[in-house]
Structure formats: structure tokens, C-alpha cells
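Subject: Structure handover

Hello,

The structure is placed below for you to look through. My notes on what turned up in it follow.

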Amino acid sequence: AVVPGFSRYADDAAIPALRALLVALAGHGVEVSVLALRHPPGPASYDLAGLPVWTLGGGTRAGPGRLVLLAQAIDAAVKLGQGADVIVGFWADEPGFVAVHAAARLGIRSHVALMGGELADLAAIGYGGAGQAFGPACVDVALRRATRVSVGSRWLRDHGSRPGHGLGAAAAAVVASAAVLPLGLDVAAFAAAAAPWPRSARGSIDLSPLDWSMHDGAIRIGSLGNLLTVKNHASLLRAVARLRHAGANVVLELAGDGPEASSLRALAVVLGVGHALVLCGAIPHALVPSWLATLDLHVLPSHWESQGMASLEAAAVGVAVAGTHVGALADFDAACFRVAAGDDGALLQALAAVVERVRLAPDALAVAGAAARDEVRQRYDLGAVAAGWQRALYESGHHARRQPCRRRRHRARDGGPGS
């Protein structure tokens with residue numbers, strides 16, 4: 001598996017859902033090795049949760065340095081892939097580019113998974129791989145040359161295959177026929193980790209602690225994710241402000257860190273709701289289930305999501321979910337609402353309708369949360385998701401072999417791919 005980054009130690013939450021998938025595949029009898037291109041820093045080899053991992057430590061290399069990194073990565077993947085049936089690139093830009101070239105040199109098959117913003121071109125907010133130098137060419141090559149391509153949601157397949165994403169016609173056709181293979185989560189384990197979180201403990205992580213005595217009975221709306229422009233938290237904050245000024249007892253909590261933190265705090269003050277916004281900062285991954293369980297409604301207001309694990313994690317602990325019509329949420333039947341991305345008016349109306357539902361039926365969000373938990377268990381539980389990936393890898397690899405993906409055990413003792 002070629003990935004942009006991977007956990008260096010057990011508590012390192014680098015792409016936790018991907019790590020969980022690879023560990024689950026290993027538990028299904030798939031022999032997996034991991035090649036991480038940029039994170040963690042510095043070349044290294046180690047085992048994590050039974051997975052052998054090699055890192056190139058590419059960091060933020062760009063320009064000519066990026067080309068050197070890709071060449072090194074292809075060589076490393078070729079060495080690591082000796083004896084494998086298939087090389088998987090998780091993300092279609094650099095990992096996908098490396099996977100298809102290494103697989104071609106080895107004479108084996110490749111699988112490229114679209115996992116993020118590779119096809120996005122949101123120039124107005126400066127987001128998306130399609131607007132980056134060399135990004136579209138990288139993705140186009142990976143998609144055209146891959147034996148098989150998958151996406152994290154039906155929305156990404158349908159939206160990403162439309163014109164205007166920097167892809168040629170052939171690559172766009174590949175996306176249109178891609179298999180839907182999402183990431184999953186261990187719903188039972190995630191829910192079990194949601195230990196009670198007393199409100200008195202919130203001040204230990206809050207950047208702007210909320211005086212909860214002022215908000216007894218408030219509807220707690222939250223959103224989990226890095227504070228980036230693409231996540232569109234400002235729209236959610238504006239909607240909450242309008243609702244509060246109309247008399248609704250709602251508060252907003254944002255869990256995550258990023259460059260938008262200071263502007264969101266300033267916007268809350270301008271809107272007159274600084275007392276009703278909690279910026280929790282980056283919550284340790286082990287505490288995420290407990291934080292989510294304190295919410296009444298999780299809203300993901302993003303402009304773009306390939307899948308959107310935050311919504312699925314909220315649903316796993318029985319919290320009602322809603323947001324924009326992107327990623328997995330676009331066809332999540334139990335969602336309280338889905339509105340067009342960037343439509344502030346529709347978001348406000350939808351939230352106002354939720355507040356009215358709660359006024360008429362105080363348990364409405366609890367009922368919606370139970371339905372969301374049932375749906376995420378049926379569609380995204382890690383065991384079933386890993387089984388789907390196993391079948392796909394078998395089809396991507398050599399059908400005559402019983403194992404869909406093999407690797408030589410303990411290759412790190414032989415010096416690793418970079419030696």
C-alpha cells in the first residue's frame with residue numbers, strides 16, 4: 001500500500017481510518033506492507049500493529065524535489081513489491097502515480113483509490129489537487145493506467161467524473177465506472193470508547209470555554225474536522241448566529257485546529273455570539289468518541305468530501321448527523337438534512353427546521369441518532385468494509401492466487417526498499 005503518510009506510533013492519529021482498514025485487511029489474511037511518502041519525517045522502517053512500514057520522509061518537498069521524491073518512491077515500491085500481487089495507491093495523486101509505475105515495472109496489477117480532494121478545483125477557496133501544478137497530470141496518469149480504480153462514495157464517483165476536474169476524457173470515464181469502496185470503522189469499539197465526558201472537563205481543551213450555566217437545555221451542534229476553508233465552518237457559524245438572534249437556544253462546538261481558528265473566533269464576536277462558540281482545538285483521537293457523544297447534532301458543512309469520516313463517527317455513537325450534499329453524507333438516508341454546498345440560506349432553513357422539530361418532539365434528535373447508528377453499522381462497519389476491499393483486491397490481483405495481496409515478511413531485516 002502506497003500512502004501519503006502513516007502513523008509512527010500507536011497514538012499517532014495520522015489517517016486513523018486508513019490504518020484501521022489496513023490492520024483489518026491483515027486480520028482477513030491479506031499480507032500488507034506500507035510505503036509512506038511524506039509522513040512521518042525522515043526515512044525509517046518499523047512495524048505498527050503488525051504492519052511493516054517504510055517511510056521516505058518526503059515532508060513538504062515540492063518542485064524538482066517532488067520529482068526526486070516520486071522517483072525514489074517508485075524504486076522503493078518496486079523493491080517492496082517483489083512477490084506482491086497488487087500495489088494499491090491510496091489517493092490518486094502521488095501514491096497513485098507511484099503505484100501504477102511500480103506495478104508496471106513489476107508486471108503486476110495496480111489499484112488506485114480516490115480518497116480526498118484530488119479531483120477538486122475550488123479556485124475561490126484555493127482548494128483541490130486539480131488546481132495544483134503537476135497534480136492533474138499525476139492523477140490523470142494514475143487513473144488511466146490503474147488496473148482498477150475505486151472511490152470513497154457514490155457522490156465522488158458521480159461528481160468527479162463530470163467535466164472540469166483537470167482530467168482527460170479517458171480518465172473521467174474511468175472515474176465514472178469506479179467501484180465504491182469506502183473506509184469504515186469498528187462501530188462497536190468506537191461507541192464503547194465514548195466514555196462519559198463531564199462538562200467540567202471541557203475547559204481542559206477549550207480555546208474559549210463556554211459558561212454552560214448560561215445555556216441549560218441548549219441544542220449542542222458540533223462539527224469535527226480541521227479548521228480549513230474547505231470545511232466551511234463559517235457558514236455553520238453564521239447560521240447558528242441567525243438562529244440565536246431569532247431566539248433559538250443553540251450552541252456551536254468545533255473540534256479541530258487549523259488556520260481558520262482565529263477568523264472564526266473573530267467572526268463569532270462580530271456576529272454577537274462569541275459566548276455561544278466553543279473552539280475545542282485538536283482533540284486526541286482516543287477522546288473523539290467521548291466528545292462526539294456530548295453533541296445533539298453533528299453538522300458537516302464542507303464544500304468537498306470524498307467520504308467524510310466525521311459524520312460516520314458521530315453516527316457510530318448515536319448522534320444525529322446532517323450537512324452538505326457531499327461525500328458519504330450525500331446518500332446517507334438517516335441524515336437529518338443535506339443541503340447544497342455553499343448555500344447558506346438552505347443551511348439556515350434546514351437548521352431552523354431541526355430546532356422546530358426538537359421543540360415539538362424533544363427526543364427527535366435522539367431518534368435520528370439511533371437511526372444514524374443503525375445505518376452506519378449496516379453500511380460502514382469495518383468488518384464488512386474490509387471484506388469488500390479484500391474481494392476487490394482479489395479481483396485486482398491474480399485470480400489464480402488465493403491471497404489477494406502478498407508481501408515478503410520482515411523485509412525490513414533485509415534493509416528495506418530504500419537500501
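T55 is buried, with a relative accessible area of 3%; buried means under 20% relative accessible area, exposed over 50%, and partly exposed in between, computed with a 1.4 Å probe on protein chains only. This is a predicted model, in which local features need pLDDT of at least 70 and side-chain atom pairs count only at pLDDT 80 or more, while totals for chains, interfaces and linings use all residues. Residues are numbered from 1 along each chain as its sequence is written, and side-chain values use heavy atoms, with hydrogens and water left out.

T55 belongs to strand β4 (residues 51–55). Strands here are DSSP runs of E with at least two residues, helices are runs of H or I with at least four, and both are numbered from the N terminus. From its side chain, T55 reaches the backbone oxygen of G42 at 2.9 Å. The cut-off for such a polar contact is a pair of N or O atoms within 3.5 Å; within protein, one must be able to donate a hydrogen and the other to accept it, and residues adjacent in sequence count only if both atoms are side-chain atoms. Setting aside neighbours within four places in sequence, T55 is in contact (heavy atoms within 4.5 Å) with A36, P40, G42, P43, A44 and Y46.

Strand β4 runs parallel to β2, and 3 bridges join the two; strands pair if DSSP finds at least two bridges between them. V34 has V53 as its bridge partner in β4. Strand β2 (residues 34–39) is largely enclosed by the rest of the structure, because 5 of its 6 residues are buried. Strand β1 (residues 2–5) also pairs with β2 in the parallel sense, over 3 bridges, and V2 is bridged to L35 in β2.

Now the cores. A nonpolar core is a set of buried Ala, Val, Leu, Ile, Met, Phe, Trp, Tyr and Cys residues joined through side-chain atoms within 4.5 Å. The largest has 62 residues, and F6, L22, L25, F90, L292, F332 and V376 have the most contacts inside it. Another core, apart from that one, has 37 residues, including L227, V240, A241 and A248.

On cysteines: the search of the whole structure finds 0 disulfides, a disulfide being a pair of cysteine sulfur atoms within 2.5 Å. C280 is buried at 2% relative accessibility, and C336 also counts as buried, at 19%.

Regards
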